Amino acid sequence: MAGSNKADITPPRWLLAELSYKCPLQCPYCSNPLDYAQYPNELSTDDWKRVLSQARKMGAVQLGFSGGEPLTRQDLVELVRHARELGYYSNLITSGYGLNEAKIIELKQAGLDHIQVSIQASTQELNDHIAGTATYQHKREVARLVKKHGYPMVLCVVIHRQNIHQMPQILEMAENLGADYLELANTQYYGWAHINRDALLPTREQFQQAEAIAQAYKEKVAGKMKIYYVVPDYYEDRPKACMNGWGTTFLTIAPDGTALPCHSARELPGLDCPNVQDFSIEHIWNESKTFNFFRGTDWMQEPCRSCDEKHKDFGGCRCQAFLFNADMYSTDPVCSKSPERHRIDAAIASARAQTMVTVEKPLIFRNTKNSKPFFKA
Amino acid sequence: MTLNPELPLQFSPLHRLQWEEAQQKYVILYPEGMVELNQSSAEILQLCDGAHNPVQIVETLEAKFATTGLGNDIFTFLNIALQNGWIKQG
């Protein structure tokens, strides 16, 4: 454990409020933990209001209402109103399921700033297959209504091997729907995406082709639609600067009140993640073992320790180091300087091999039944 | 998209300009993003209120700070702001 100097602690800027793990969709790349169904408890409205107030007082300004599906919470409008009164910029990150025009207007009046709608593919058949629910037509309608009511409209499409061939159609769809921003999020392989990796990870050629198409389109729609391209880190040779550094910027609160430095951190062993029902946000952020665990650079091993890029990428992602190396202190194996880089290359080769077989592994969809085998004792 | 010196400027309805007490500075907020502003940028953007054109913004700020020769810097910043979609014209 690092034992960082308190004076170096920067305040949180982003608060991700995962209101509920309930979701009508079953996306096989969901970022929720595999054992999510083990945590059915949800914070009360008053708990959430207190969390929002305390984090805002420390300096958090961007607020994401996420989940699961945040619209499953009956008090969402009340929480949005509270967030607006506190001065947050609030983002609703939704599948669009359960969203209608009356709700969109009600949320706008309560002060919601932005709605991000996810679409799984550019065709109904593939969208509905990946989502595990017939949602395609409704999502398109929601996107139209979001735009109609003056919100900035952000369309989010998670990219993987099942839909990467649709890149040109996805770009056209976003433009036709009038998206102000298109987020092309290459799947990050944690949680559900990790167990489905062989079926989801594109080959290098597929990825390069799709990226070239997206970059060319970026120029075509410049000034009209902004395209955010989230790179798939397996094909990089330096790790991502995960969370902008542990405990520097991001604070996630899980539905049951567990406070996390990133939304995957509850997978890491021995962190003893604190709960907002027991501690204030200020205590959690400044004093807790969890948030101080990987602050600074004292915890690093070689090759990170002596690396001149350690202040740029902070050693990469702790969850990825743990997933691949079973050692959360080790260098993110994406890094070409990591002695474990071969593990990433093996994962790429394994996924590629799946494209050669006639019967591919079936996707494991994110639902309560499939979550149960992952429950921890 | 080039700046017209005579047309009034508005702050974008898809962004929010806000004073942040914790940071002691103005910021621009937009979907999942934030730009921190220095004092002069904030002064300029606050005048993008639908009532001032670029020439009037220069005049107003030169008067406010009792100085001259701010034109180039202000026009450069307004062009950046326009390209980024923080402000709109016409």
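These legends walk through close-up views of a predicted model. In this predicted model, local features need pLDDT of at least 70 and side-chain atom pairs count only at pLDDT 80 or more, while totals for chains, interfaces and linings use all residues. Residues are numbered from 1 along each chain as its sequence is written, and chains are lettered from A and ligands numbered from 1 in the order in which they are written.

**View 1. The open sheet of chain A.** Here you can follow nine strands of chain A in the order β7-β6-β5-β4-β3-β2-β1-β8-β9, with mixed pairing. At the edges sit β7 (226-230) and β9 (259-260) of chain A, each of which pairs on one side only. Strands, like helices, are DSSP runs numbered from the N terminus (helices: H or I, at least four residues; strands: E, at least two). Two strands pair if DSSP finds at least two bridges between them.

**View 2. Strands β2 and β3 of chain A.** Strand β2 (residues 62-67) and strand β3 (residues 89-94) of chain A run parallel and are joined by four bridges. To find your place, look for Gly64(A), which stands opposite Asn91(A) in β3(A).

**View 3. Where chain A meets chain B.** On this interface, 17 residues of chain A are in contact with 14 residues of chain B (contact: C-beta atoms, placed from the backbone, within 7 Å). On the chain A side, β3 and β4 (114-118) are the elements that give two or more residues. That side has seven nonpolar, eight polar and two charged residues. Nonpolar here covers Ala, Val, Leu, Ile, Met, Phe, Trp, Tyr, Cys and Pro; charged covers Asp, Glu, Lys and Arg; the others, Gly among them, are polar.

**View 4. Two cis peptide bonds in chain A.** One cis peptide bond joins Gly67(A) and Gly68(A), with omega about 10°. Gly68(A) belongs to the loop between β2 and α2 (76-86) of chain A. Another cis bond joins Glu302(A) and Pro303(A), with omega about 5°. You will find Pro303(A) in the loop between α11 (289-292) and α12 (310-313) of chain A.

**View 5. Positive phi values in two loops.** Asp272(A), a residue other than glycine, has a positive phi near 50° and lies in the loop between β9 and α10 (281-287) of chain A. Asp272(A) counts as exposed because it has 9 C-beta neighbours inside 10 Å. In chain B, Glu32(B) has a positive phi near 55° and lies in the loop between β3 (25-30) and β4 (33-36). With 17 C-beta neighbours inside 10 Å, Glu32(B) counts as partly exposed. The cut-offs, for C-beta atoms placed from the backbone, are 20 or more others within 10 Å for buried, 12 or fewer for exposed, and in between for partly exposed.

How values were computed
Two residues are in contact if their C-beta atoms, placed from the backbone, lie within 7 Å.
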